[in-house]
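Subject: Structure handover

Hello,

Here is the structure I said I would pass on. Please look it over before reading the notes under it.

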Amino acid sequence: MTAPGTPAGAPAADTDDLDVEEALALVREPHREPQDDGAARPPGGPAVRQPAERHTATPWPHAREIAARAARTARAHGRQGTADSSAGDRRAPVSVPLGDALGLVLAAPLDALTDLPSFDTSAMDGWAVAGPGPWQVREEGVLAGHAQPESLTDGVAVRIATGARVPADTTAVLRTEHGRTDAQGRLHPTREMSHGQDIRPRGQECRTGDQLLPVGTLVTPAVLGLAAAAGYDTVTVVPRPGVEVLILGDELLTEGLPHDGLIRDALGPMLPPWLRALGADVVAVRRIGDDARALRKAVTASRADLVITTGGTAAGPVDHVHPVLERVGAELLVDGVKVRPGHPMLLARTKEHQHLVGLPGNPLAAVSGLLTLAEPLLRTLAARPAPEPYTLPLKEAVQGHPYDTRLIPVVLRGDHAVPLHYNGPAMLRGIAAADALAVVPPGGARQGEEAELLDLPWATAGIGVCFT
Ligand SMILES: Nc1nc2c(c(=O)[nH]1)N[C@H]1C(S)=C(S)[C@@H](COP(=O)(O)OP(=O)(O)OC[C@H]3O[C@@H](n4cnc5c(N)ncnc54)[C@H](O)[C@@H]3O)O[C@H]1N2
Ligand code: MOO
């Protein structure tokens, strides 16, 4: 590779958790200088590649940190050489209709555009009354959504619906079940009333201009409801990262039964919805075959924030990912991870605003790469917080790899994680039935030992799980 690069396994200078505020700074401060991307740098100098013979795979936790941080420094690196200036302020905040904002992060505070409630409102069905009872009841009632009703005078009441504007000079609302009408048609309270009872005064929840939610808030269904109530048609959010998927391999069929050494492409159908569940906008899925030129053209032409390739990461005769990255002058940030399956996975910076995650071709190895490298990177680009780590005890012992972390599909049963079989690198049978992946440290885990769990987006019914 020609561009300044990072040897795999290089220690990050700073391993603090990525902070949402820092990620948001990406969209707020376009010319911020880099702090750390996990690249090894000699004091005072640019990042350097170490000789290939010193190459070692990156430990799994460290690879995730590098991926989470990589997106932060994209702009500054672009200015140093791998120019893609036409990308401009692609990560600048965008205004989107409420219907498209679910799962995104607010890039501007949600300030009330109105008082809430915006008028004095009846909290109950009953009568708006003025002064102490009994009251003469006016003939025409007041419904929600109707024009300003006529004001009341002492001793007068009017039928009112929940949510309707209370007439001026109303002193309380009497609930339907707490009023009795006598033979002369006068209304009496059947219990003690207090001044202002069952009236929601204008501005009770907020005044115009009050901050309802800060920058960095994840847009949930409740946030959409609040935004609508407060007068918003659109909200200002961090844009969804754009992802292009490049499927490599001449042996892949897109339909029918496997035959003559050809197999069905399992990643083309799996990755786009999974990426959407991780908050990405999948802008294209292209089939490249085992054609290095086509791969180079596709990588060079792509405008996506993240390019994901599948297959071709190892050292076989048609494994073109490394040579193509070298050809395009990419900066390798992670080159192999100490994780099984998926150890040949890689992460590179290809342009100022663009990264590439190379997923190994074996399908479960690809899942491992997706969750190890693509998920933290997408999370950073979207300014989303890292999920709170959690552990559960393992129902059975899991054999470990001597040096590498293992990711094992599990189902969650009661307060245990139950390891699933069919967890080989080429198998999807285990993960297709799983709720999570258990992180098994080098050396393995005993029965009952607590294991960290990586949730699958649909199993947690998380907010990203819209699949839209
Ligand atoms: N000499 C070595 N060979 C291999 C090593 C190694 O370290 N040294 N690592 C092995 C491991 S582990 C993995 S994982 C694979 C990674 O290989 P690649 O990323 O180069 O992937 P391919 O060779 O293209 O494919 C591997 C395997 O996966 C199948 N495949 C590919 N794409 C798909 C797809 N879209 N859907 C379903 N299956 C797919 C492909 O047919 C191969 O069977 O390398 C090992 N070799
Ligand atoms: O990444 Mo490979 O599929 O570890 O076994």
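The notes below cover the domains, the cores and the ligand surroundings.

This is a predicted model, in which local features need pLDDT of at least 70 and side-chain atom pairs count only at pLDDT 80 or more, while totals for chains, interfaces and linings use all residues. Residues are numbered from 1 along each chain as its sequence is written, and chains are lettered from A and ligands numbered from 1 in the order in which they are written.

Domains. By an automatic or database domain assignment, the chain splits into domain 1 (20–92 + 241–381), domain 2 (121–200) and domain 3 (391–455). Taken over C-alpha atoms, the centres of domain 2 and domain 3 are 63 Å apart.

Cores. A nonpolar core is a set of buried Ala, Val, Leu, Ile, Met, Phe, Trp, Tyr and Cys residues joined through C-beta atoms within 7 Å; buried means that 20 or more other C-beta atoms lie within 10 Å of the residue's own, with C-beta atoms placed from the backbone. The largest one has 93 residues, and V105, I308, L347, L377 and A438 have the most contacts inside it. Helix α8 (residues 363–381) supplies its largest share, 11 residues; helices are DSSP runs of H or I, at least four residues, numbered from the N terminus. Domain 1 and domain 3 both give residues to this core, so it lies between them. A second, separate core has 18 residues, including A128, L152, A157 and I199.

Ligands. Ligand 1 is surrounded by 25 residues, the closest being G311, T313, A314, P360 and G361. Around ligand 2 are R340, P341, G342, H343, P344, P360, N362, A365 and P425. Both lists take residues whose C-beta atom, placed from the backbone, lies within 6 Å of the ligand.

Regards

Technical notes. A residue is buried if 20 or more other C-beta atoms lie within 10 Å of its own, exposed if 12 or fewer, and partly exposed in between; C-beta atoms are placed from the backbone. Helices (H or I, at least four residues) and strands (E, at least two) are DSSP runs, numbered from the N terminus.
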